[in-house]
Amino acid sequence: MSTNAQLFERAQRVIPGGVNSPVRAFRAVGGTPRFISRALGPYIFDAEGKRYIDYIGSWGPMILGHGHPEVLEAVQKAALEGFSFGAPTEREVELAEEILKLVPSLEQVRLVSSGTEAAMSAIRLARGATGRHKIIKFEGCYHGHADALLVKAGSGLATFGNPTSAGVPPEVVQHTLVLEYNNVAELEEAFKLHGADLACVMIEPIAGNMNFVRASIPFMTRLRELCTQHGALLVFDEVMTGFRVALGGAQSLYAKAIAGFAPDMSVFGKVIGGGMPLAAFGGKRAVMEKLAPLGPVYQAGTLSGNPVATACGLATLKQIQKPGFFDALAERTRTLVQGLDAAAQSAGVPFASDCEGGMFGFFFGASLPQNYPAVMATDKERFNRFFHAMLDRGVYLAPALYEAGFVSSAHSAADIAATVNAAREALKA
């Protein structure tokens, strides 16, 4: 049996950094990444046989836990019928219908294979539909690694972003403006300067890539007003929050708080694939019909609507629609977060937390951050110590301060209690 350290050393010889997605390398927290050999319910097991209570859940999609029997049965049946056809199937139509049923702002969707692909395609479609080039995103929101989105804030509102990755030419991001999350004054100034040229604004309504930060109701209200006023499309990136914070996604929460609220386009992933590579972007029919083969905006993918992935996604969506599912999931998540709060208070450690549905986040600081600079001001070193102390006690949290956590319906009251007890010990260590 190979150890985690042996596997990491071996991986680094053949894979850049030893991982196929950077955060997995543990660079943010230090130490050796755990190589996972299997998973069951709320647990994952590493190469050395150690069991962990899993609060990553493959970064969100495992809302039912790992290996849910009905999802597993659907996937096995689909695999027997064929892995991939490169042709339409009835199941992809069924999945599209299911998504539209649950998200009233959508009239059509297109299925793709990853969140990055969905976000990239949504921006291309927004530009094609409006005939404009400029876009707005927010610092701390991550929408995948498409060139136009790997960008940091410019030196002022009159300037556009600078690339944050080598290999992205400055001219590729020259039309991307990066603003501060939850800053209404900056948003208004940006629209004043560039409103007539803006194709879209893309936002994570609850950001999960600067841990867990909500867009405030006043901020979201003003964003919707400005997009409507200037003819820019409001694009909700719900890759993480879709069917995770509520059955109708984060947009259903804002619709309850803001009369008549709806985004113009939405991007989904993670839960809709149940752990398989599957994502989607959608909007009103008038916008979506700009896509090829009906319109001039090109997008294609050999594995789009993959029959095994759609089987997994359909089975997952059917389970989460059962009566009481989200009430129970939200209660489980609140119990975890309240327990962590109490453990930190008992230890005299500054701690702030938030949660919605099956998604949560916490910070070592006196108050909840409202934007990326505030997230960066929280105690990173304490988080790193806490992460390793929890890992040693069999609790697997995201290996970076900047990532949200996820609870599944498979987490039991005993799992939550064990996690809180581990936190109590870890915070006192």
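A salt bridge is defined here as a side-chain nitrogen of Lys or Arg within 4 Å of a carboxyl oxygen of Asp or Glu. The structure is a predicted model, in which local features need pLDDT of at least 70 and side-chain atom pairs count only at pLDDT 80 or more, whereas totals for chains, interfaces and linings use all residues. Residues are numbered from 1 along each chain as its sequence is written, and side-chain values use heavy atoms, with hydrogens and water left out.

By the salt-bridge rule, the count comes to 12. Side chains of opposite charge can pair when their charged atoms come close. One of these pairs is formed by Arg 222 and Glu 225, whose side chains meet at 3.0 Å, N to O. Both residues lie in helix α6, three residues apart, about one turn of the helix; helices (H or I, at least four residues) and strands (E, at least two) are DSSP runs, numbered from the N terminus. Accessibility is classed as buried under 20% relative accessible area, exposed over 50% and partly exposed in between, with a 1.4 Å probe and protein chains only. Arg 222 is partly exposed at 24%, and Glu 225 is likewise partly exposed, at 40%.

A further salt bridge joins Asp 264 to Arg 224 at 2.9 Å, N to O. Asp 264 lies in the loop between α7 (250-257) and β13 (265-268) and Arg 224 in helix α6, so the pair ties together parts that are 40 residues apart in sequence. Asp 264 is partly exposed, with a relative accessible area of 21%, whereas Arg 224 is buried at 14%.

A polar atom of the Thr 228 side chain lies 3.0 Å from the backbone oxygen of Arg 224. This is a polar contact, defined as a pair of N or O atoms within 3.5 Å; within protein, one must be able to donate a hydrogen and the other to accept it, and residues adjacent in sequence count only if both atoms are side-chain atoms. Thr 228 and Asp 264 are separated by 36 residues in sequence and by 9.5 Å in space, C-alpha to C-alpha.

Another salt bridge connects Glu 356 and Arg 214, with the closest N and O atoms 2.9 Å apart. Glu 356 belongs to strand β15 (residues 352-356) and Arg 214 to strand β11 (residues 213-214), so the pair ties together parts that are 142 residues apart in sequence. Both are partly exposed, Glu 356 at 22% and Arg 214 at 26%.

Glu 238, in strand β12 (residues 233-238), is buried yet has no salt bridge; Arg 244, the nearest side chain of opposite charge, is 11 Å away. For this assignment, Lys and Arg count as positive and Asp and Glu as negative, while His and the chain ends are not counted. The Glu 238 side chain reaches the backbone nitrogen of Ala 250 at 2.6 Å.

No disulfides, defined as pairs of cysteine sulfur atoms within 2.5 Å, are found in a search of the whole structure. Cys 200 is in no disulfide, and its nearest cysteine sulfur, that of Cys 227, is 8.5 Å away. Cys 200 is buried at 0% relative accessible area, and Cys 227 is buried at 1%.
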